[in-house]
Amino acid sequence: MRQSEMKATLPYNVEKIWAIITNNLDSAWRSDLSHIEIIDETHFIEHTKDGFSTEFEITDKVDCQFYAFKMSNKNFQGKWSGKLIKISENETKVIFLEQITFKNKIMELISHLGMNLKKIQEQYFKDLQKALASQEES
């Protein structure tokens with residue numbers, strides 16, 4: 001299993017962060033995705049710009065506090081969770097944890113070369129901060 005955790009304190013309201021990360025109808029802020037296909041209220045499929053598809057099932061959702069799902073595609077299965085902690089009206093601590101198990105050992109070995117989980121999470125954070133900043137400007 002591979003795992004990556006990102007923690008940060010963001011200078012934004014917890015409700016604004018929650019609204020962005022849980023809105024699967026709007027994926028425009030994500031630089032890695034072409035679109036999200038909604039199956040039902042707990043299932044969706046993310047389609048990357050590189051042509052990969054990953055299925056998701058929301059497993060836990062506590063308003064403005066915790067969001068979790070299982071994910072699976074042809075190469076791996078795993079889970080992701082996001083914990084939001086309100087520090088003040090305009091400051092929120094976020095903790096995002098991603099855990100992935102590859103379906104075969106060869107894919108796991110290849111993933112160390114071409115799938116940097118930390119880098120993927122860092123890009124997600126950059127995209128999220130850009131989306132939050134653009135909301136502040138409007």
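This is a predicted model: local features need pLDDT of at least 70, side-chain atom pairs count only at pLDDT 80 or more; totals for chains, interfaces and linings use all residues.

Modeller: Ile58 belongs to strand β4, which covers residues 53-62. If neighbours within four places in sequence are set aside, the residues in contact with Ile58 are Asn24, Glu41, Thr42, Phe44, Tyr67, Ala68 and Phe69. Of these partners, Tyr67, Ala68 and Phe69 fall within the range of β5, which is 66-72. A further separation can be given for Ile58 and Lys79, which are 21 residues apart along the chain and have their C-alpha atoms 9.7 Å from each other.

Between β4 (53-62) and β5 (66-72) runs a loop, and Cys64 is placed in it. Although Cys64 is not a glycine, its phi is positive, at about 60 degrees. That deserves a remark, because most residues other than glycine have a negative phi. Cys64 is also buried, with a relative accessible area of 15%.

The side chain of Asn13 reaches the backbone nitrogen of Glu15 at 2.7 Å, while its contacts, leaving aside neighbours within four places in sequence, are with Glu89, Asn90 and Thr92.

As for the setting of these residues, the protein has three helices and seven strands, and from the N terminus on the elements follow the order β-α-β-β-β-β-β-β-α-α. Of its 138 residues, 41% count as buried, and among contacts between residues at least 6 apart in sequence, 50% join residues at least 24 apart. The radius of gyration is 15 Å, which agrees with the value near 14 Å that a compact globule of 138 residues would have; along the principal axes, the C-alpha atoms fill a box of roughly 45 × 30 × 25 Å. The protein exposes about 8300 Å², of which carbon and sulfur atoms supply 51%, and the mean positions of its 18 positive and 21 negative charges are 7 Å apart.

How values were computed:
Residues are numbered from 1 along each chain as its sequence is written. Side-chain values use heavy atoms; hydrogens and water are left out. Helices (H or I, at least four residues) and strands (E, at least two) are DSSP runs, numbered from the N terminus. The radius of gyration is taken over C-alpha atoms; the globule rule is 2.2 Å times the number of residues to the power 0.38. Buried means under 20% relative accessible area, exposed over 50%, partly exposed in between (1.4 Å probe, protein chains only). Contact means heavy atoms within 4.5 Å. Accessible areas come from the Shrake-Rupley method with a 1.4 Å probe; for residues, only the protein chains shown count as cover. Lys and Arg count as positive and Asp and Glu as negative; His and the chain ends are not counted. The place of a charge is taken as NZ of Lys, CZ of Arg, CG of Asp or CD of Glu. A polar contact is a pair of N or O atoms within 3.5 Å; within protein, one must be able to donate a hydrogen and the other to accept it, and residues adjacent in sequence count only if both atoms are side-chain atoms.
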